[in-house]
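Me: I would like to learn how to read a few features of a protein model. Can we go through them one at a time?

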Amino acid sequence: MPHDISRKIAKKQAVVSIIGLGYVGLPLAVAFADAGFKVIGLDLNGERVDEVNKGKSYIIDVSDDNIKKHISGKNRRLLASKDFSLLSQADVLCICVPTPLDINKKPDMSCVVSATRQIAQYLKEGQLVVLESTTYPGTTEGLVLPCLQSGKMRAGRDFYLAFSPERIDPGNNKFNFNNVPKIVGGITKNCTRLACAFYSMVYSKVLPVSSPQVAEMEKLLENIFRNVNIALVNEMALLCRKMGINIWEVIEAANSKPYGFMPFYPGPGVGGHCIPVDPFYLSWKAKEYDTYTRFIELAGEINDEMPKQVVNITQESMNIEGKCINGSKFLVLGVAYKKDINDVRESPALKIINLLKEQGGVVFYHDPCVPFVNLNGDTLKSCKLSDGFLTKIDCALLLTDHSRFDYDSLCRNLSLVIDTRNAIKKQTNSKCKIIKL
């Protein structure tokens, strides 16, 4: 290669800059610091920057100790900052910024555009730039590349550019950097080769693909696969409920087949930064080719409707008890989008709280992982549970099956529970009515 960045990476002398210190960026920054690299984390959120520099983590997968060991002493390896001029000191730059949807469910690329413009301002010869943010096929070559090549610099000759999709699963202790392969697609073969060499310093297996578009589409396929199968089982769950069939028992029985079946489970909806968002990225891009991804869009619609379905089931269950939503007291158990994490992005629980409030319900929530949550400009705090408090609740909705919940205590003191996660396996109190999704 014409530049010495390959040698710097091999000797761990390359300076790494991570743009965006969120659920993807912070773990990545710590991983490269652990590997012996100097890392500069950049973020516009001043609170995040201050927390990192104080050795405090706001990500469940990164402990305070993980950060503290890298932020002090003469061999300091991790610095967080809002000063994007520090990009000029970096050899490798990873873009890990949000790619949400706008109100019309179209890709909002403003964060990627902003990060790319900052890089273009400080771009120098020999730098490697990698986009990790999940996006539609063509983003790296159609959006990032033209911005970086606006001057005399050319990708593959003066600097290197690749796409490598993040594969972070918050709260998953089984799969991490050590055992999840890293996909890399560069603008040129040299770009791919260099990016692979870089990620091999922290990932045990790196898989090159022929182009950034393949890598971008691969990430969408992963998440659309989950979205479609979750939609299928959600639709099955609603049908089974009407037929008086236990969907959970059905899934368990089907899972006994040693081939051709993979279990997915119903729930109150889908949440997180990928599953509810990524299908719409592809359906939006497909229209450019006069193609309509009807199957994918239908899956998204089914999952989007699940919060309303949960509220309908709640209303039916309340009516049987001679009560209505208006004026009743509800306890939402869990607002994180999945078990044992503190991430509420796109959480269906928040939508369900809104729907109950719109119908006049008085809603409390308890989540051991989420002490407070912002909802429509209001800050809601997780309430403390006591026997006296629980007995005054008309209906509880179990939306996140956290391990720290005391399910026996809940069943002893509650009269009606809508269990959307099949978390309550045994009935410990005959007076507590459990309604399964």
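Me: In which loop is the place of Ile 103?

Reply: Keep in mind that this model is predicted. Ile 103 sits in the loop that runs between strand S4 (92-95) and helix H5 (110-122).

Me: Is Ile 103 buried or exposed?

Reply: A residue is called exposed when its relative accessibility is over 50%. Ile 103 has 84% relative accessibility, so Ile 103 counts as exposed.

Me: How do strands of a sheet pair?

Reply: They do so through backbone hydrogen bonds, in either a parallel or an antiparallel sense. Here eight strands form an open sheet with mixed pairing, in the order S3-S2-S1-S4-S5-S6-S7-S8.

Me: Which strands stand at the edges, and why is one side of each left without a neighbour in the sheet?

Reply: The edge strands are S3 (78-81) and S8 (206-208). Each has a single partner strand, so one of its sides has no neighbour in the sheet. From one strand to the next, the twist averages 25°.

Me: In what sense do strand S7 and S8 pair?

Reply: Strand S7 (residues 182-186) pairs with S8 in the parallel sense, over three bridges. Within this pair, Lys 182 is opposite Val 206 of S8.

Me: Which strands does helix H8 touch?

Reply: Helix H8 (residues 212-243) packs on the sheet and touches S6 and S7. The direction of H8 makes about 145° with that of S7.

Me: What separates the C-alpha atoms of Ile 103 and Glu 218?

Reply: Those two residues are 115 residues apart along the chain, and their C-alpha atoms are separated by 26 Å.

Terms used: Residues are numbered from 1 along each chain as its sequence is written. This is a predicted model: local features need pLDDT of at least 70, side-chain atom pairs count only at pLDDT 80 or more; totals for chains, interfaces and linings use all residues. Side-chain values use heavy atoms; hydrogens and water are left out. Helices (H or I, at least four residues) and strands (E, at least two) are DSSP runs, numbered from the N terminus. Buried means under 20% relative accessible area, exposed over 50%, partly exposed in between (1.4 Å probe, protein chains only). Two strands pair if DSSP finds at least two bridges between them. Axes are lines fitted to C-alpha atoms, for helices over the stretch in contact, and angles run from 0 to 180 degrees between N-to-C directions. Contact means heavy atoms within 4.5 Å.
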